[in-house]
Amino acid sequence: GSGCRGMNATLPPIASSPRRGIDVLEALRGALSALSANLLRSILTALGIFIGVAAVIATVAVGEGARRQVLAQIQSLGANLLIVWGGSATMGGVRLGAGGRSNLSWDDAAAIAREISEVQVAAGSIRQTFQVVAGNQNWSTTVLATEPDYFTAHEWVADGGRLFSPEEAAGGRKVVILGATVAEMLFAEEDPVGREIRIRQTPFEVIGVMARKGQNPMGQDQDDTVFVPYWTARRSVMGASRANARQVGVISVKVHEGENMAAAEEAIRTLMRQRHRVAANEPDSVSIRNLSDIQATRDASARTLSALLASVAAVSLLVGGIGVMNIMLVSVTERTREIGLRLAIGARRRDVLAQFLLEAVMLALLGGAAGVLAGMALSHILADVAGWPVLVRADAVLIAVGVSALTGLFFGFWPARRAAHLDPITALRHE
């Protein structure tokens, strides 16, 4: 019959010696020959595996890239960092959010650094937006008034020039440090160190340019900032009345490496309640943000999303595996007479089993390999569209290929076993 005529193209030659081992190379050649004989059907069968593997690679790559970006943004703010904001205020019966009360002072920052053993540094700061002028160039930016400990807390260094010293900060010297974005906007490619800029008509000497930090987790450009000593800003730029002369907007607190962040946070909360004379039945006078908690929350969210997308991709692999099993059952039915003839002339059942298993695995592997390439290309496209970095992990590629091979092995076993256990006489009578 037609099955016998296709015998040499689909099954490898089998010797009659019962002691001979399985010739894997011949079985592999036979598997490739059988798949190429029905090329279109093989391609369509591998499509489910292809889609599943491509989806796994793309989702893992983009998810990991996005997670790393969020992690880098949070770490760019500084490690072991707590941000202390003013508490919530109530106006006309309406409760404002965190920071609604301007109840933090320069002395609060000094007290936190002095009285809490877990704290390395604590720096108060206040910010306002001003038009900054250099020669015939100008730029609207954030002017941040602070002290040298701020740079320690945020792990920020100067890329050119230097930071202002404690003596310059205490003495109210008119010195300024530019963020990388401001330096670029005002001076283009020129070195701004030693040059002069004006803030509200007050001249300042540029003594440094900060290293580039990029966006923070809220999407704000951290480099679009000008740093001025606190007391200089209070006297020359921001103004100060008797009521707000020592006021700060936030306090950046860096905790010593290895110390318990939660314990430090609770100690700060207790200290601020004492300093602000908050009664036991009243809410806290400050709000504290632990950036490591934000990092953990966002990381958990990213992992959950990646797991959800990966589960969708796993469904594609399952559907692809069912397709492989279906087509292998069809193949066994089509080649029943051929299998019966082989068994009748001395082929062993394990040779037939190996032949069909190899066909199923090759089918899944080819789909998986193509899926890896497509997934890598898709992940780069998605990353470009979303503006995220892409991170194709080698272990994800190996796992995807391994899973595709196991899919072929698992779903191909039943058809292969069915072929191997055909009765030769019954198979030869098959029409």
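Leu40 belongs to helix α4, which spans residues 39-76; helices (H or I, at least four residues) and strands (E, at least two) are DSSP runs, numbered from the N terminus. The model is predicted, so local features need pLDDT of at least 70 and side-chain atom pairs count only at pLDDT 80 or more, whereas totals for chains, interfaces and linings use all residues. Residues are numbered from 1 along each chain as its sequence is written, and side-chain values use heavy atoms, with hydrogens and water left out.

**Surface positions**

- Leu40 is exposed, at a relative accessible area of 61%; buried means under 20% relative accessible area, exposed over 50%, and partly exposed in between (1.4 Å probe, protein chains only).
- Together with Leu44, Leu47 and Ile51, Leu40 forms a nonpolar patch on the surface with about 400 Å² of accessible area.
- Patches are made of residues with over 30% relative accessible area and no salt bridge, like charges being joined within 9 Å and nonpolar side chains (Val, Leu, Ile, Met, Phe, Trp, Tyr) within 5 Å.
- A salt bridge here is a side-chain nitrogen of Lys or Arg within 4 Å of a carboxyl oxygen of Asp or Glu.
- Accessible areas come from the Shrake-Rupley method with a 1.4 Å probe, and for residues only the protein chains shown count as cover.
- Pro389 lies in the loop between α13 (349-386) and α14 (394-420) and is partly exposed, with a relative accessible area of 38%.
- Although 320 residues separate Pro389 from Gln69 in sequence, their C-alpha atoms are 7.0 Å apart in space.

- Strand β11 (residues 225-229) is largely enclosed by the rest of the structure, because five of its five residues are buried.
- Cover is present on both faces of β11: Thr225, Phe227 and Pro229 are buried on one side, and Val226 and Val228 on the other.
- Strand β6 (residues 137-146) pairs with β11 in the parallel sense over five bridges; two strands pair if DSSP finds at least two bridges between them.
- Within this region, Thr142 has Thr225 of β11 as its bridge partner.
- Strand β8 (residues 175-178) pairs with β11 in the antiparallel sense, over two bridges, and Ile177 stands opposite Phe227.

**Strand β14**

- In strand β14 (residues 286-290), Val286, Ile288 and Asn290 make up a covered face, while Ser287 and Arg289 make up an uncovered one.
- Strand β1 (residues 81-86) runs antiparallel to β14 and is joined to it by five bridges; Gly86 has Val286 as its bridge partner.

**Helices and their ends**

- Helix α10 (residues 261-275) has 15 residues and reaches 21 Å from its first C-alpha to its last, close to the 21 Å expected at 1.5 Å a residue; the expected span is 1.5 Å times one less than the number of residues.
- Buried residues of α10 include Met261, Ala264, Ile268 and Leu271, as well as Glu265 and Arg269.
- At the start of α10, a side-chain oxygen of Asn260 comes to within 2.8 Å of the backbone nitrogen of Ala262.
- Just after α10, Arg277 adopts a positive phi of about 55 degrees.
- Glu168, in helix α7 (residues 166-170), is buried, with a relative accessible area of 7%.
- A polar atom of the Glu168 side chain lies 2.9 Å from the backbone nitrogen of Ser165.
- Helix α12 (residues 336-344) has buried residues, among them Thr336, Glu338, Ile339 and Leu343.
- Just after α12, Gly346 takes a positive phi of about 120 degrees.

Methods:
Polar contact = N/O pair within 3.5 Å; in protein donor to acceptor, adjacent residues only side chain to side chain.
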